[in-house]
Amino acid sequence: MHKLNRTVLAATLLFPTLATAQKTPIQITADLSEAPRRLYHAEIVLPVKPGPVSLITPQWIPGNHAPTGPVAHITGIVFYANGQKLAWRRDDVNLYEYHLTVPAGVTSVHAHLDAIVPDRVSRHLACLEWERLLLYPAHVPVHDILIEPSVTVPAGWGIGTALIKMGTSGPPPTTGILEDAHHPTVGAVTTHYGVTTVEQLEDSPVITGQYFHEFPLAPDVTPKHYIDVVSDEPEDSNLRPELLAELSNLVHEAGAAYASHHYTVYHFLLTLSDVAGGEGLEHGQSSDNGVGEKGFSDPVHQLPESDLLSHEFTHSWDGKYRRPATLYQPDFATPQQGQLLWVYEGMTQYMGNVLAARSGLKTQSQYRDMLAMSAASLDDETGRNWRSTEDTSIASSVDRHPTLWNSWERGQAYYQEGELLWLDADTLIREKTDGKKSLTDFQHIFLGKGGDTGPLIVPYDRAELIKDLNEVLPYDWAGFLHQHIDLPEPHADLEGIKRGGYELVFTDKLTQTAKLFASLGGGRRGGGVDAWYSLGLRIGADGTISNVLWDSIADKAQLAPGMKIVGVGNQLFSAESLHQALDDAKGTTKPIHLLLANDNDLTTVDLEYHDGPKYPSLKRVEGSTDYLDEITKPLSPQTVLPEPSAHPSQPNN
Ligand SMILES: [Zn+2]
């Protein structure tokens, strides 16, 4: 991965007597050959000096913004040296750290460990996030620790990763020390990768699977870009030519938007599985994207996922290369601090959707419809009265996935608040410079600083952000950010939509896009009944109330998440019966009568609501400049559809 590191490796091979513990790379072989049984194994050789040694496994996972390291699933740890098992003890305070004493004369310790893998794995594919298996010296900066990785997978499985492949061999030899250890499946293949650092390895996940395709994207662009796909069904990993063309557009559009690259190669890693679970995790030279098995099978299924790849790709610049200083720590043990996540995630949320529209992953009108849904939901978020966007950033590590009453808790509001904030900034720059400048000029400065750097992390603070914004447009950016970020605001920042030539309105009709979402019937982000802006209820396809809007009609009627609507009026619950009831009650004094299952009891409730169905959309303000369509227009020529044949780069069945 690093030219520098390969030189170091060559030097240690040539002059082994000069090698110190720090100069000799750790060797790790990740054995994924039992992935279908939800087990990974690792053999790790760690250079050590005699005496007390502390080894550690990652806790604060970059991009998760939280201490999610899966230490609880690391099992079967054995350390041995010179053919003898070594005693170990876990640290009493830091449960990710292991202490052992290395006997005199010993220069390397062999560690074996197993990992139980509850997710991101199926019978046909697996995703390796290295924190499942990593072990390295504690209290040393992770960018100073060299490591040489290998990965063993079942025979015939393809591999996608940004790691640099050096060669392949059979399964690693077993040591004979662990009599009952699980051994790699017969015929498993081990791929060896170039020496890197623990910091870079943690940032370089691996996907592998029986049904594997690798497609080059935008072949005219350097550095090179690929999408690697594994799927549970053989046909799914052979992506549609239209999608590949859109992804090539995305590579061009990101290049135009950010005027730089901070990787030597980029791999979109995509798993298509209904079993392995969803994911979207950014890395500097790759992204780990997991969707349902039909998630990209046609434009309708693609819609809810349309910004996933563009979002994670954008992170290579915004979040990975440019990292808020307090989110970048020297190791994975020091707590990360979430302030500025409204840039890291917020500007990425904005650009992920903008680039998706520019690339054709969604249409301009779908972009507007989805922006309306997001803005309306934020504007109605009652928790905004007690809690600033900055507070949601600071507390991100404890608030990642609220499920109940989330309009009051706010959870990760910094994503969508950030999207509106950066749209506000973009339209402001466009308006005040008569369309001569835009947020793109700021991104060229802020994200393109240093040009093409290769993989690198450069921290920033709010002062630098303000300075770079002022370079594009002299303005009170400090005041702008203080108002929208630091203070609780009773309403969402709708200035960007307004200045963009549109108005957020509510009508009795779902937008085309909202209809498509509803037609997906209970998919990852679709399905159910949206009565949020009328009754204050989000309802699953089976009638279960998934959320109640704080201070809404439903809240005042004492409804709660988890209750199930069984009947509407004198009919059984269905999307149709609820919609009919909303229509029937409109303009009358007749309440909406619901029969509810609440744990084991049945109750009834009358909702006094007479304004009919209400759904958000954006309405064009005639005569104003249409900045929204201007913003979502491609900056580069569109890719011509490639030949329909795929070119798998590795064998697959
Ligand atoms: Zn993100």
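1. Two strands count as paired if DSSP finds at least two bridges between them. Helices (H or I, at least four residues) and strands (E, at least two) are DSSP runs, numbered from the N terminus.

2. This is a predicted model, in which local features need pLDDT of at least 70 and side-chain atom pairs count only at pLDDT 80 or more, while totals for chains, interfaces and linings use all residues. Residues are numbered from 1 along each chain as its sequence is written, and side-chain values use heavy atoms, with hydrogens and water left out.

3. Strand E18 (residues 224–231) pairs with strand E19 (residues 265–272) in the parallel sense, through eight bridges. Lys224 stands opposite Val265 in E19.

4. Phe212 is set opposite Val230 of E18. The hairpin of E17 and E18 has six residues between the strands, and Ala218 takes a positive phi near 40° there.

5. Six of the eight residues of E18 are buried (under 20% relative accessible area, with exposed over 50% and partly exposed in between; 1.4 Å probe, protein chains only).

6. The zinc ion has His311 (NE2), His315 (NE2) and Glu345 (OE) as protein donors, at 2.0 to 2.1 Å. Donors are N, O and S atoms within 2.8 Å of the metal (3.2 Å for Na, K and Ca); water is not among the atoms, so sites may look incomplete. The sequence spacing of the donor residues is H-x3-H-x29-E. His311 is buried at 6% relative accessible area, and His315 is buried at 0%.
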